[in-house]
Amino acid sequence: MELISPEYKLNVVSSKKNRAMQTASLIIDYIENNQSQINDKTYTIKWDKKSDLNEAFPIKPEPDNLSSNEECDDGLQMEKAFRRIFHRADRWTTSQNHIDIVVCHANVIRYFTCRALQLPPEAWLRLSHYHSGISWFIIKPDGKVYMRLFADSGHLPVEIDTHHNVSSKRAPAG
């Protein structure tokens, strides 16, 4: 099974928060330890730790569900991160496709999702995200954006699948 095609460049970008760095480290270790399943060529993994991916409240949501003590003053920082990560490929100078693995918190992912799909960014809190969920975007050189997955947690056993720190495991019908 070939997970990463040899013509791809792999970048891992994570928040500087402990859980995000631990998760990024596990992903990198898995890729490095399973290179024979990925491909027979050597490749480099670049890992950047960025504070603008730290958990934050990007913008006042609509409808406003936040308590009065939660401030939304991290919008500029999160917008800067969005523009750095989500951009068109340069069709004239880019000869290779690349994969960016972004490891961060749900608020950041929800904001990025709204922005990438050109939805009102104030809708970020309407999206629900599982812990360790995988979201997958494809950005074409012509600027078209496709979302293949959002918050998919099918890779986790149901007993450890959580949302808002509560298990998603359903009680047996009885």
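I worked with a predicted model in which local features need pLDDT of at least 70, side-chain atom pairs count only at pLDDT 80 or more, and totals for chains, interfaces and linings use all residues. Residues are numbered from 1 along each chain as its sequence is written, and side-chain values use heavy atoms, with hydrogens and water left out.

**Trp136.** I found Trp136 in strand β4, residues 134–139 (strands are DSSP runs of E, at least two residues, and helices are runs of H or I, at least four, numbered from the N terminus). Trp136 is partly exposed at a relative accessible area of 40% (buried means under 20%, exposed over 50%, partly exposed in between, with a 1.4 Å probe and protein chains only). Leaving aside neighbours within four places in sequence, I noted that Trp136 is in contact (heavy atoms within 4.5 Å) with Tyr146, Met147, Arg148 and Leu149. Arg148 is 12 residues from Trp136 in sequence, yet their C-alpha atoms are 5.3 Å apart.

**Asn107.** I located Asn107 in helix α4, residues 106–116, where Asn107 counts as buried at 6% relative accessibility. Not counting residues up to four places away in sequence, Asn107 touches Glu55, Ala56, Phe57, Met78 and Trp124.

Most residues other than glycine have a negative phi.
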